[in-house]
Amino acid sequence: DNEKLDIFKKNNIVYLFVDVGDIDNGGNLLTSDEDISYFINFIADYEKQNNYDFILLPYTEVILETYDFNSEFQNNLIRSYNHLSNLGFDGAHIDIEAIPLDKRGGYIKFIDNLRLKIGNNKLIAVYPGLIDENPNEWEWDLDFYREVYDKVDLITIGAYDTGIDNNIEYSEYIKNQINTINSNFKGKFIFIAPTHKDYPETIENSLEIFNSTSNKLDDSFIGIGIFAEWATNDK
């Protein structure tokens, strides 16, 4: 509703990462064009009335443990994102998780093919795994980060799903993630503070950690995001 958009505008929020719904096993978006267009028109009307521009990036969660990341699936997912772009979104936010090590070359090709399809004027954002020198399905090493970094416009890294239940250990872990990014990259990163997790992965803890290191970031992070709006209240 307009009141939520008023809050976003008041706080200078620019990027809206929009959950556009589920996909089927073949990579096809299930949400109707009618629903998508209704939402886009609602945002456009608000922007016109309030002289404010949001950047809309659609995403659908793809956990590769439940999907076959074959060429047909990739082509259909790219087609879905291109269609969303044509309907009025400003690009795509790729949320592909649990990527096996032997599928990471395919992930890079997927990004390349998506870029070819939607063009250079549209944004590509990605949600990566956390950084680990011993990567697994859920975590990325720095070399993979560098490959992806060179091909995308935004990287949204979350301060959650660490598996840590001790606040001191959580704080040190997230600080290490931030410092590793700062030491290796410039720009493109958005730090995502969680609202949907249990202690210690809270918005208060994550923002306190980020603020304690923010004077050393050298523009590696262009901003802060909140996930998820549906898990927030007025407080």
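Helices here (H or I, at least four residues) and strands (E, at least two) are DSSP runs, numbered from the N terminus. The expected span of a helix is 1.5 Å times one less than its number of residues. This is a predicted model, where local features need pLDDT of at least 70 and side-chain atom pairs count only at pLDDT 80 or more, while totals for chains, interfaces and linings use all residues. Residues are numbered from 1 along each chain as its sequence is written, and side-chain values use heavy atoms, with hydrogens and water left out.

**Helix 6**
- Helix 6 covers residues 167-184, and at 1.5 Å a residue its 18 residues should span 26 Å; the end C-alpha atoms are 26 Å apart, so the two agree.
- Y170, S171, I174, Q177, I178, T180, I181 and N182 are the buried residues of helix 6 (buried is under 20% relative accessible area, exposed over 50%, partly exposed in between, with a 1.4 Å probe and protein chains only).
- Those buried residues pack against several elements, including helix 5 (142-149), strand 9 (189-194) and helix 7 (203-213); contact means heavy atoms within 4.5 Å.

**Helix 3**
- N70 caps the N-terminal end of helix 3, placing a side-chain oxygen 3.3 Å from the backbone nitrogen of E72.
- After helix 3 comes G88, with a positive phi near 140 degrees.
- Among the buried residues of helix 3 are F73, N76, L77 and Y81; the buried residues pack against helix 2, strand 2 (55-59), strand 3, strand 4 (91-97) and helix 4.
- Two of these, F73 and N76, are touched by G26, as is E72, not counting residues up to four places away in sequence.
- G26 itself is in the loop between strand 1 (15-19) and helix 2 (33-50), and it counts as partly exposed because its relative accessibility is 22%.

**Nonpolar cores**
- A nonpolar core is a set of buried Ala, Val, Leu, Ile, Met, Phe, Trp, Tyr and Cys residues joined through side-chain atoms within 4.5 Å.
- The largest one has 59 residues, of which F54, I94, I96, Y107, F189 and F221 touch the most other members.
- Helix 4 (residues 104-118) gives this core its largest share, 6 residues.
- A second, separate core has 7 residues, including A125, Y127, L154 and I190.

**Aromatic pairs**
- There are 22 aromatic pairs in the structure. Rings of Phe, Tyr and Trp (its six-membered ring) pair if their centres lie within 6.5 Å; planes under 30 degrees apart count as stacked, over 60 as edge-to-face and the rest as tilted.
- F69 and F110 make a tilted pair, at 5.9 Å centre to centre and 55 degrees between the planes. Both F69 and F110 are buried.
- Y145 and F185 are tilted too, because their centres are 6.2 Å apart and their planes at 45 degrees.
- Since Y145 is in helix 5 and F185 in the loop between helix 6 and strand 9, this pair ties together parts 40 residues apart in sequence.

How values were computed: Polar contact = N/O pair within 3.5 Å; in protein donor to acceptor, adjacent residues only side chain to side chain.
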